[in-house]
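Please set out a short report on the strand arrangement and overall dimensions of the structure below.

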Amino acid sequence: MFNKILIANRGEIAVRIIRACKELGIATVAIFSEADRDALHVQMADEAVCVGASPSKDSYLNMHNILSAVLLTKADAVHPGFGFLSENDTFVAMCEDCNIKFIGPSADAISAMGNKANARTLMKSAGVPTIPGSDGTVDCVEEAVEFANSYGYPVLLKASAGGGGKGIRLCENENELRESYAAAKTEARLAFSNDAIYMEKVIRNARHIEVQIIADEHGNIIHLGERECSMQLRNQKVLEEAPSIGMNPELRAQLGEIAILAARACDYKNAGTVEFLMDEDKRFYFMEMNTRIQVEHPITEMITGFDIVKEQISIARGNRLSIRQEDVQLNGHSIECRINATTAGLIDYLFLPAGGLGIRVDSGIYAGYTVPTFYDSMLAKVISHGESREEAIAKMNRALGELVISGIKTNIDFQLQILESENFLQGEYYTTTLAQMIESQEIKP
Amino acid sequence: MILPETKQLRTLFPGSARHNSKSNSDSHSDALMDQGIDSNETLFSQGNEPSVPDGMWVKCGKCQGTIYSRQLCSYKVCPDCKGHFRISAWETIRLVTDKDSFNEWDENLTSSDPIDFPGYAQKVAALADALDVNEAVVTGRCLIHGVDTVLCVMDSNFIMGSMGSVVGEKITRAFEKAIENCLPITIFTASGGARMQEGIISLMQMAKVSAAVKRHSDAGLLYITVLTDPTTGGVTASYAMLGDIVLAEPGALIGFAGRRVIEQTIKKRLPDNFQSAEFAQENGFIDKIVSRDNMKGTLGNILKLHCRKPVACEGTTFQYFGEPCDTEPSEVVEISRKATRPTSRDVIAHIVTDFVEFHGDRNFRDDGAIVGGVGYLGDMPITVIATQKGSNLQENVATNFGQPHPEGYRKALRLMMQAEKFGRPILTLINTSGAYPAASAEERGQGEAIAQNLFNMAGLKVPVLSVIVGEGGSGGALALALADKVFMFNYSIYSILSPEGFASILWRDSERAKEAASVMKLRPKDLLEMQVIEGVIPEVDGGFDNDPSYSLDYLKQLLVHEFAELLQKTEQELLDGRYDRFRKFGAY
């Protein structure tokens with residue numbers, strides 16, 4: 001095993017990783033910025049090194065300083081957590097050059113999946129289904145109609161040079177497409193001086209379903225089932241659950257195979273997540289791969305009883321996967337609510353709903369802690385686990401009802417409203433549902 | 001703190017030091033270096049412990065930052081400050097030429113020792129052994145984006161790229177072969193200047209090469225120079241500055257006398273950017289600063305553009321439909337000055353493809369009020385020169401509200417003469433309230449500059465078309481409008497003076513500008529009747545900012561048609577036509 005690991009992150013994920021290391025008997029090094037001098041992860045680690053000023057770019061993204069901290073503390077591996085440098089192939093290459101073990105995939109795998117267009121091409125050639133789109137531009141209206149006929153309406157016309165939502169048109173049928181095509185081209189030419197247009201199929205009522213995979217360095221890859229992450233707002237996940245209500249064992253096995261295929265295509269090592277959209281006919285389309293541990297990994301841990309972070313560390317050391325695919329048994333249902341701060345400041349009182357079977361709180365806060373303004377607003381993750389979905393929901397309701405974070409504003413009430421909403425209770429929700437519930441004032445943010 | 005304090009927190013990188021970038025970067029390097037030394041013992045004995053391998057980090061000479069060497073790539077550009085590292089001649093050749101296309105000439109030419117300088121012969125021999133070049137320049141012929149060109153690349157690793165006999169000889173031969181084969185020539189300069197060890201013979205190389213440049217130029221051939229870090233002394237004072245087009249790499253040191261010599265002589269500290277490429281461009285001596293990753297593309301564009309000769313396409317048909325509007329003159333004045341009206345740059349972006357902007361008058365300064373460069377109108381290479389107003393305050397500060405200084409008119413003239421050399425038609429776009437009325441402009445000869453333009457434009461042997469896009473104010477507008485034909489946008493004006501100036505001179509009351517506008521006959525409709533212009537570019541109601549494509553698509557077709565017609569004329573017909581066009585004006 002490693003003797004000492006430096007955790008190149010902050011907040012709850014740093015705490016989570018330090019805890020795993022402690023249980024494995026591995027010494028830990030925390031890094032921190034000036035603003036994080038009093039952070040929980042700094043206090044929990046065996047050693048802590050200040051790597052720069054408060055803004056992330058000067059500290060948690062400062063590769064040079066972080067590498068220096070690894071060398072100075074003689075750590076032999078780096079765990080990147082999520083965000084910050086976790087998907088930065090340059091940092092991984094630096095670690096590789098310095099003979100520092102990066103707990104995650106290789107620089108090549110990260111760069112292969114990092115560029116969306118490249119990843120899409122790679123996945124297509126590996127036989128992984130992707131969202132149908134014109135590969136390249138659509139140069140006349142007949143070509144556009146042909147595309148739409150073969151993949152079905154609705155379709156999006158998008159300006160190749162576009163961005164920020166400009167130059168996008170939704171077409172529900174052939175008439176609309178014929179009408180919109182010329183207009184979209186003109187609009188693109190005026191806005192971007194380039195009238196190239198490409199097309200994409202619109203997936204209506206899509207669910208965001210992702211598969212946790214984990215691969216060792218000996219060619220073994222398994223999946224740990226899926227997570228349902230459709231409850232999201234502006235592409236930020238708010239609440240996740242596992243398993244997904246829309247899945248069954250056959251579909252799960254099939255999707256798991258596709259995810260493993262995707263991982264093999266980029267010669268993936270360590271833990272990763274393959275994200276898919278699922279349409280109403282339960283067809284899957286590859287979106288992207290997250291080449292790191294994810295925020296919502298605990299719900300997979302709860303239903304599999306398998307510690308993903310510990311396994312990451314073990315694999316990075318060169319060990320084989322400790323379980324085989326057939327050992328993976330899903331047990332009950334788990335939900336995670338992300339508790340975010342909506343203001344920064346001092347937490348003058350804190351009550352965490354610990355206690356009782358099936359409740360877990362991963363957080364980086366404590367009473368007397370001041371939430372800095374420089375970083376992500378997530379304070380804690382409350383995770384519940386029950387025999388059934390209903391039990392998991394009941395436990396989550398109980399836990400959020402008990403949770404007190406005073407001194408700053410949070411989204412606890414928002415989460416409780418989601419838990420009580422009809423869409424959620426019925427399991428009838430898609431990636432657009434939360435925004436619609438807010439728009440119809442069913443839920444107040 | 002909620003947990004008992006069990007350890008010492010280490011602050012290796014006090015964040016406050018970030019505010020002082022110098023001390024901060026020093027502390028980084030120190031920490032890293034300390035570690036390197038500290039861990040060496042265990043590292044090399046165990047072999048697989050974390051350590052920093054040699055060459056992993058390089059220091060940027062510009063920002064002093066520590067750079068991960070893999071991030072330098074083949075361009076050798078600092079990822080943080082974009083500073084360009086010096087690279088060898090062969091590295092440059094690999095970056096800018098088409099694969100396997102470079103054919104070296106005179107690779108074995110080596111210098112003798114003309115003034116018997118002690119140790120010189122040995123030094124040259126030792127360097128030739130150590131480096132992949134045996135003199136400070138590599139010459140040959142290659143393809144750049146498929147265009148056949150002679151290429152000379154200097155190498156600062158060889159006695160600081162100094163110009164001895166061999167450098168002068170190889171470059172002179174390259175020019176001679178270029179003349180013989182009717183080829184363009186591109187030279188990358190990198191030199192400390194003359195080579196002291198060769199004495200006066202080195203000095204003579206400046207004259208020898210310059211004379212070869214002159215012959216090449218007289219043969220009507222294209223010469224591009226790319227000034228890289230450093231270009232100084234005798235090389236600057238000869239072939240480096242003689243290119244038809246002078247490009248430079250960002251941040252390159254460019255100058256004649258050394259900074260230290262100047263500071264010691266005048267006993268003054270010089271500004272930080274003194275003698276940088278940017279400084280030289282600001283002062284009018286560089287056409288364009290091109291980063292290394294764009295260099296091959298830019299050279300390819302320029303070379304291709306000079307391969308193609310404009311030809312008259314016969315039988316083009318064109319449907320004129322611009323009827324001049326009869327809007328109130330004061331309203332036309334107002335619309336012509338609207339801040340939302342597309343600027344000359346917008347017009348260029350719409351009608352010209354692959355536009356490459358060239359800066360500077362090669363004398364005093366680059367004037368932001370004049371935009372000039374080359375590009376294609378359809379398939380035809382043209383030179384475009386325009387007065388540029390900004391569309392907001394910041395742009396207007398840069399463009400001096402579209403009022404050129406004398407150096408602006410001199411830049412325009414320089415680009416016109418360049419167009420004439422290469423037989424390129426010229427398009428001028430005019431939008432100015434007038435030449436800049438200021439003491440500085442007078443000191444540098446505003447009147448003389450405008451006069452020179454009129455004088456020289458009358459003799460240009462290539463077609464010239466002018467388009468008034470907004471305001472066409474007085475001599476400042478005419479200085480770009482002595483053309484074969486002049487067109488106006490429907491809501492533009494062209495007049496002897498601004499209505500305010502007119503009212504002020506005649507009635508000593510600039511408030512009566514509206515009244516002045518109504519009597520000045522400054523609208524396209526009036527000017528068409530007086531035959532001052534040939535046609536009108538239609539605009540939708542209220543001005544072409546409401547539908548730029550409507551006017552600009554028409555303008556492009558009009559220009560293609562008009563140039564095609566003018567190109568059918570002989571030089572003499574062109575000159576006579578232009579003479580007669582202005583000869584006819586007069587009422588007596």
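## Strand β9 of chain B

In this predicted model, strand β9 of chain B, residues 245-248, is covered on both faces. B:Ile245 and B:Leu247 lie on one side, B:Val246 and B:Ala248 lie on the other, and all of these residues are buried. Buried here means that 20 or more other C-beta atoms lie within 10 Å of the residue's own. In a regular strand the side chains alternate between the two faces of the sheet.

β9(B) has parallel partners in β8(B) and β10(B). The pairing with strand β8 of chain B (residues 223-231) runs over 4 bridges, and B:Thr225 stands opposite B:Val246 of β9(B). The pairing with strand β10 of chain B (residues 288-289) runs over 2 bridges. There, B:Leu247 stands opposite B:Lys288 of β10(B).

## An antiparallel sheet in chain A

Chain A contains an open sheet of 3 strands in the order β7-β6-β8, with antiparallel pairing. Its edge strands are β7 (168-171) and β8 (197-201) of chain A, each of which pairs on one side only. From one strand to the next, the twist averages 25°.

Strand β6 of chain A covers residues 155-159 and pairs with β8(A) in the antiparallel sense over 5 bridges. Within this pairing, A:Leu156 has A:Glu200 of β8(A) as its bridge partner.

## Domains of chain A

Chain A is divided into domain 1 (4-103), domain 2 (141-201) and domain 3 (207-439). The C-alpha centres of domain 1 of chain A and domain 2 of chain A are 45 Å apart.

## Overall dimensions of chain A

How many helices and strands does chain A have? The count is 15 helices and 20 strands. The C-alpha trace of chain A spans about 65 × 50 × 45 Å along its principal axes.

Of the 445 residues of chain A, 48% count as buried. Among contacts in chain A with a separation of 6 or more, 66% are between residues 24 or more positions apart.

Key
Residues numbered from 1 in each chain as written. Chains lettered and ligands numbered in written order. Predicted model: local features only at pLDDT ≥ 70, side-chain atom pairs only at ≥ 80, totals over all residues. Domains from an automatic or database assignment. Buried ≥ 20, exposed ≤ 12 C-beta atoms within 10 Å, placed from the backbone. Contact = placed C-beta atoms within 7 Å. Pairing = 2+ DSSP bridges. Axes fitted to C-alpha atoms, helices over the stretch in contact; angles between N-to-C directions.
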